[in-house]
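This report is an introduction for a reader who is new to the structure shown below.

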Amino acid sequence: MTESQTYKNVIAGAEQQGDDNKNYKESNLADVIRFKMKREGKRFWAGDNISEYLHESDKEHLINEATVAFERVLDTLLIDRENDPNSKGTAKRLAKMYFNEIMSGRYESPPDATAFPNDSEDRYEGMLVVRSELRSMCSHHHQPVVGVAYIGIIAAQKLIGLSKYTRIAQWCARRGTLQEELCNDIAREIQKATGATDLGVYIQAIHGCCENRGIMAKSSLTQTTVLKGAFKDDHGTKKEFFDNIKMQQEYASK
Ligand SMILES: [Zn+2]
């Protein structure tokens, strides 16, 4: 069956039954959700969050569907998943790992970042720099990307809890990404949560796809920077941000 025929069936099923994720008996739930996103022009690339298209119980169903698909992949790789004790539960483990861990940032809604007012006379006006450990995965090869993001802002009218910077960064990272896009995503989400217009994000990361395959480069350190507002336009602010990062690197536990 071609993809468009599959979608025709999904449309027919959805129209009959009120177009709800629960009504997917005729097709895979993944097909129903994909169809909805296509119809509504929602982008669903590896780095995109699609949590608004999932109901509470959908993840469990999708894990079951992905398990069957991974079983097929293992069969095609000619791995004996019936007798090899190490490969017996691998399809299910892979499915759970993708949904609950390495790509969880696609399926979970944004972290709750309560904002506190920063508008009194003695409001904090300095620069704030937070170091956030990152675990991500490259969209091209599904290999790990391991690194650190330094997030700097000059606080606007509100502040968020310090741990929220890292929660937001990790939520952006737990998807399939390109480091350049990840840097942009973190900057955008921090901007949304804090209202700050002066901010910078600097990421240093090592890429499994350069170390474990391909060029097999040892220590494939990649650096990306996104600067907005004063971080971009004011030389002093930019310098202060990178000086802070150097200090962070000196003090961070090795
Ligand atoms: Zn890659």
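## Terms and basis

A residue is called buried when its relative accessible area is under 20%, exposed when that area is over 50%, and partly exposed in between, with a 1.4 Å probe and protein chains only. By this scale Ala 149 counts as buried, because its relative accessibility is 0%.

The model is predicted, so that local features need pLDDT of at least 70 and side-chain atom pairs count only at pLDDT 80 or more, while totals for chains, interfaces and linings use all residues. Residues are numbered from 1 along each chain as its sequence is written, and side-chain values use heavy atoms, with hydrogens and water left out.

## The chain as a whole

The protein chain has ten helices and seven strands, where helices (H or I, at least four residues) and strands (E, at least two) are DSSP runs numbered from the N terminus. Of its 254 residues, 41% are buried. A contact means heavy atoms within 4.5 Å, and among the contacts with a separation of 6 or more, 67% are between residues 24 or more positions apart.

On a 1 Å grid over the protein atoms alone, a pocket is an open set of points with protein on both sides within 12 Å along at least five of seven lines, the points being places where a 1.4 Å probe fits, and lining residues have an atom within 4 Å of a point. Grid points are joined across faces, edges and corners, and a volume is the space filled by probe spheres set on the points. The largest pocket has a volume of about 560 Å³, and of the 22 residues that line it, Ala 30, Leu 62, Ala 66, Phe 99 and Tyr 107 are the closest to its centre. Helices H2 (29-39), H3 (58-76), H4 (90-102) and H5 (104-107) each supply at least two lining residues, and H3 gives the most, with seven. Ala, Val, Leu, Ile, Met, Phe, Trp, Tyr, Cys and Pro count as nonpolar, Asp, Glu, Lys and Arg as charged, and the others, Gly among them, as polar; on this basis the lining divides into 17 nonpolar, one polar and four charged residues.

The second largest pocket holds about 260 Å³ of space, and of its 16 lining residues the closest to the centre are Arg 43, Gly 47, Asp 48, Arg 175 and Asp 185. Helix H7 (residues 179-194) contributes the largest share of this lining, four residues, and the lining as a whole comprises four nonpolar, five polar and seven charged residues.

## Helices H2 and H3

The axes of H2 and H3 come within 9 Å and cross at roughly 115°, the axes being lines fitted to C-alpha atoms, for helices over the stretch in contact, with angles from 0 to 180 degrees between N-to-C directions. Leu 29, Ala 30 and Ile 33 in H2 meet Asp 58, His 61, Leu 62 and Glu 65 in H3. By class, this contact has four nonpolar, one polar and two charged residues.

## The zinc site

Cys 138 (SG), His 141 (ND1) and Cys 209 (SG) coordinate the zinc ion at 2.2 to 2.4 Å. Donors are N, O and S atoms within 2.8 Å of the metal (3.2 Å for Na, K and Ca), and sites may look incomplete because water is not among the atoms. The spacing of the donor residues in sequence is C-x2-H-x67-C. His 141, in the loop between strand E2 (127-138) and strand E3 (144-154), is paired across 68 residues with Cys 209 in helix H8 (residues 208-211), which links distant parts of the chain. His 141 is partly exposed, at 35% relative accessibility, whereas Cys 209 is buried, with a relative accessible area of 11%.

## Selected residues

Ala 149 is found in strand E3, and its C-alpha atom is separated by 6.8 Å from that of Leu 134, 15 residues apart along the chain. Leaving aside neighbours within four places in sequence, Ala 149 is in contact with residues including Val 130, Ile 186 and Tyr 202. Asn 118, in the loop between strand E1 (115-117) and E2, is also buried, at 5% relative accessibility.

Most residues other than glycine have a negative phi. Leu 78, however, has a positive phi of about 60°; it lies in the loop between H3 and H4 and is exposed, at 79% relative accessibility.
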